[in-house]
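Me: Please take a close look at one part of this model, and state the cut-off behind each term you use.

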Amino acid sequence: MKIGQGYDIHRLIFGRDLILGGVKIPYEKGLSGHSDADVLIHAIIDSIFGAMNIGDIGEHFPDNDPQYKGISSLELLRHTAKLLDNNGYKIINIDSTVICEKPKLLPYKDDMKKNISNALSISPDLISIKAKTKEKSDSTGEGLSIEAMSVCLIDVKNI
């Protein structure tokens with residue numbers, strides 16, 4: 001078995017949709033980025049890449065490549081699932097945390113798990129999504145950004 005960890009942060013800005021776990025969440029701001037800037041999925045992708053020891057999200061999906069401009073991070077996750085399969089691995093579980101002051105994420109967590117599990121072709125029961133705040137202690141706590149962390153445990157597929 002192998003474990004990997006992932007982390008991402010993006011600034012909140014006006015004029016963008018807020019997408020987390022592939023879910024469009026009603027909010028006055030969205031995340032700034034080249035793709036849809038879905039920090040949760042980006043952290044999960046990096047945790048999978050880390051477990052496989054094949055680099056990071058920026059190496060596989062560079063932010064200066066026009067083909068990724070505005071792309072749904074669920075598409076990037078589907079590509080990641082193919083890399084996982086092609087390298088002979090399966091996911092044992094994913095544990096992730098989204099850190100933001102607002103909006104509250106509880107109403108959206110089940111839909112996020114469904115989107116992620118569908119993209120990875122795994123059971124939603126293998127995915128944990130938690131939400132935390134920073135108690136107004138830094139830029140994320142002041143509502144200027146959203147962060148996400150993830151760990152992923154993988155194992156060799158039984159063939």
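Reply: Cys100 has a relative accessible area of 5%, so Cys100 is buried (under 20%; exposed is over 50%, partly exposed in between; 1.4 Å probe, protein chains only). Cys152 is also buried, at 1% relative accessibility. The structure holds 0 disulfides (pairs of cysteine sulfur atoms within 2.5 Å). The model is predicted: local features need pLDDT of at least 70 and side-chain atom pairs pLDDT 80 or more, while totals for chains, interfaces and linings use all residues. Residues are numbered from 1 along each chain as its sequence is written, and side-chain values use heavy atoms, without hydrogens and water.

Now the helix packing. Helix α1 spans residues 39–52 and helix α4 residues 109–120 (DSSP runs of H or I, at least four residues, numbered from the N terminus). Their axes lie 12 Å apart at an angle of about 40° (lines fitted to C-alpha atoms over the stretch in contact; angles run from 0 to 180 degrees between N-to-C directions). On the α1 side, Leu40, Ile41, Ile44 and Ile48 make the contact with Met112, Ile116 and Leu120 of α4 (heavy atoms within 4.5 Å). These residues divide into 7 nonpolar, no polar and no charged (Ala, Val, Leu, Ile, Met, Phe, Trp, Tyr, Cys and Pro are nonpolar; Asp, Glu, Lys and Arg charged; the others, Gly among them, polar).

Helix α3, residues 73–86, also packs on α4 at about 40°, with axes 8 Å apart; α3 and α4 are therefore oblique. Leu74, Leu77, Arg78 and Ala81 of α3 meet Asn115, Ile116, Ala119 and Leu120 of α4. That contact divides into 6 nonpolar, 1 polar and 1 charged.

How values were computed. Helix = DSSP H or I, 4+ residues; strand = E, 2+ residues; numbered from the N terminus. Parallel < 35°, antiparallel > 145°, perpendicular 65-115°, else oblique.
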